[in-house]
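Visitor: Could you walk me through the charged pairs in this one? I would like to go slowly.

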Amino acid sequence: DFIENPNMVYSADFDPTLPLSMGNLLYIFSLLLVDFSFICGYFIYVGMMIRSMRIAGGKLRTISVSSLILRLFVLTAVAFICYFPAYVAILLLYFFIIFIIIFPWLFMFPACYLSGDSGFFMSIAETFRKSKGYYVVNVRNLAIILLASMLLQLVSLGIGGINEAVGVVLDAFISVFTMFCIARYSCLIYNVMILSRRRVIRINR
């Protein structure tokens, strides 16, 4: 309406409780769907990489393909149920600060569970136990990854001002690449934590 009659801007009485249109809902749903697909990709990458690392290393027990698929299904189902309420809580409430604090532990949970080392609920406790002594290291490395991602996104924003199509493609690539960097890091640091924990147990014995 404003495009058809620009003068409406000066005389319109704006309602602060504007209803959501179907287009708004579809747009919001598409954003949530894309973000959730990132999470699913994160789970799949972590599960496959840990299994591949353990097959190559031969030192740690390797989860079977059927068990990995089952655990991926369980983790994805739980994430789907919790995703929207958690998303709203993080955005609208004070959970954003809490999320930042617990994220260095939270991003390790898929690695602990999908490795096959522990069951679903036991993995929650094991994530905190195995991350002991690595919290600051994880915060530092995650901050480096996210800072590099922000700088690259600023570059893509500048490129988008010159060529919008290239900017959109580059921004999408950076988002996906950042997610896989975090996933890969979680696998590598989890492997380090497992081996160091076994070394400590062996020394104590």
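**Salt bridges**

Guide: K130 is buried, with a relative accessible area of 9% (buried means under 20%, exposed over 50% and partly exposed in between, with a 1.4 Å probe and protein chains only). This is a predicted model, in which local features need pLDDT of at least 70 and side-chain atom pairs count only at pLDDT 80 or more, while totals for chains, interfaces and linings use all residues. Residues are numbered from 1 along each chain as its sequence is written, and side-chain values use heavy atoms, leaving out hydrogens and water.

Visitor: Which residue does K130 form a salt bridge with?

Guide: K130 pairs with E126, the closest N and O atoms being 3.7 Å apart; a salt bridge here is a side-chain nitrogen of Lys or Arg within 4 Å of a carboxyl oxygen of Asp or Glu. Salt bridges that share partners join E126, R129 and K130 into one network, and between R129 and E126 the closest N and O atoms are 2.3 Å apart.

Visitor: And E126, buried or exposed?

Guide: E126 is buried at 13% relative accessible area, whereas R129 is partly exposed at 40%.

Visitor: How many salt bridges does the count come to?

Guide: The count is three, and one of them joins the side chains of R54 and D117 at 2.8 Å, N to O. That pair links distant parts of the chain, 63 residues apart, with R54 in helix α2 and D117 in the loop between α5 and α6 (helices are DSSP runs of H or I, at least four residues, and strands are runs of E, at least two, numbered from the N terminus).

Visitor: Switching topic, what is F107 in contact with?

Guide: Leaving aside neighbours within four places in sequence, F107 is in contact with Y42, N138, L142, I182, Y185 and S186, where contact means heavy atoms within 4.5 Å.
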